[in-house]
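Please open the structure in your viewer and keep the selection tool at hand. The stops below are meant to be taken in order, one selection at a time.

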Amino acid sequence: MSATRIDLHAHSTASDGTLSPAQLVRAAADAGLDVVAITDHDTTAGWDAALDALPPGLTLVRGAELSCRWHGVEPAIPLHLLAYLFDPAEPELVAELARVRAAREERGERIVRLLQADGIDVDWADILAGAAGGSVGRPHIAQALIRAGLVATTTEAFGPDWLGERYRLPKEDIDVFRAVALVRAAGGVPVFAHPRASRRGRIVPDELIAALAAAGLAGLEADHEDHSPAERDHVRRLAAELGLLVTGSSDFHGTHKTVRLGAFTTDPAAYERIVALAGGVTPVASG
């Protein structure tokens, strides 16, 4: 395996990143990556454009980051599942992703109405235009707040006075066990994204991860900017106990975040395991 720098979590304008899929793969090559995964939220819309623009020497892993929820506690805990190399035409998964995207857009419009009711000058049509046809999310509303001069950064927009609490609404997600089953049925490889990132909010217990492993979960993302060193160590120990593979990734969003492509990477052996497990689509290497 010649690839040594592998980043398996990156977003484009197909969801809430700021680089187009074509720009994303070019930036990955410029960052010295050998392998990059495009993992936009609940969509495969960026796959073809990323493939068409793939620079020489770069391998593209096609994937998505699924919006999931665990209903084992009240209120339910939201979480993200990275899905790699699945068949994008598998009917059940296609239908579920379409449902989640529609619910995400409806939630975004409701948040904008709440902001407008408080006299805040944001426009839904402007936010949709900013999403450029991508899967609409709170980061797009955050950009509108920045453009209006109401906040300085995305981080501030996600604070409690804004989208983090006061103007936060729940969204419809996929039950996490159903998501694992759907990804596996589509020949994909499911990996739990940033599972111990306590700075993001509530985290799920290890017992849930063990149950997901028994249901088909393949791996855990350990090296991530939202994990402390202790949290990364915990994820690695848990993965070892459960026989799960471990990934490391930037979770790159362009200028929506400060993290850079390749800030965290995946060991080639773990990448090889993902490829071996996949039965949907294969990684594509550009000459």
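Begin by selecting D42, which is found in the loop between β2 and α2. In this predicted model, D42 has a positive phi of about 60 degrees although it is not a glycine. Most residues other than glycine have a negative phi, and most peptide bonds are trans. Is D42 buried or exposed? With a relative accessibility of 0%, D42 counts as buried.

Y84 is one of four residues, together with L8, L66 and L220, that touch the most other members of the largest nonpolar core, which has 65 residues. Apart from that core lies another one, of 19 residues, and V112, I120, I127 and L163 are among them.

Which strands pair with β4? Strand β3, residues 59-70, pairs with β4 in the antiparallel sense over eight bridges, and the bridge partner of G63 in β4 is Y84. Strand β6, residues 189-192, also pairs with β4 in the antiparallel sense, over four bridges, and there the bridge partner of Y84 is V189.

β3 and β4 form a hairpin, with six residues between them. Select P75, which is found in the loop between these two strands, and look at the bond that joins E74 and P75: this is a cis peptide bond, with omega at about -5 degrees.

The next stop is a pair of rings. The structure holds two aromatic pairs, and one of them is formed by W47 and F86, a tilted pair with 5.2 Å centre to centre and 55 degrees between the planes. Because W47 lies in helix α2 (residues 47-52) and F86 in the loop between β4 and α3, the pair ties together parts that are 39 residues apart in sequence. W47 counts as buried at 4% relative accessibility, and F86 counts as buried at 1%.

Then turn to the largest pocket, which has a volume of about 1,500 Å³. Of the 49 residues that line this pocket, select H80, R138, F158, R168 and R200, which are the closest to its centre. The elements that give two or more residues to the lining are β3, β4, α3, α5 and α6.

Two single residues complete the tour. H194 lies in the loop between β6 and α8, and has a positive phi of about 30 degrees although it is not a glycine; with a relative accessible area of 8%, H194 is buried. Finally, select E165, in the loop between α6 and β5, which counts as exposed at 57% relative accessibility. Leaving aside neighbours within four places in sequence, E165 is in contact with G159 and P160.

Conventions. Residues are numbered from 1 along each chain as its sequence is written. This is a predicted model: local features need pLDDT of at least 70, side-chain atom pairs count only at pLDDT 80 or more; totals for chains, interfaces and linings use all residues. Side-chain values use heavy atoms; hydrogens and water are left out. Two strands pair if DSSP finds at least two bridges between them. A nonpolar core is a set of buried Ala, Val, Leu, Ile, Met, Phe, Trp, Tyr and Cys residues joined through side-chain atoms within 4.5 Å. Buried means under 20% relative accessible area, exposed over 50%, partly exposed in between (1.4 Å probe, protein chains only). Rings of Phe, Tyr and Trp (its six-membered ring) pair if their centres lie within 6.5 Å; planes under 30 degrees apart count as stacked, over 60 as edge-to-face and the rest as tilted. On a 1 Å grid over the protein atoms alone, a cavity is a set of points where a 1.4 Å probe fits but cannot get out, and a pocket is an open set with protein on both sides within 12 Å along at least five of seven lines; lining residues have an atom within 4 Å of a point. Grid points are joined across faces, edges and corners, and a volume is the space filled by probe spheres set on the points. Contact means heavy atoms within 4.5 Å.
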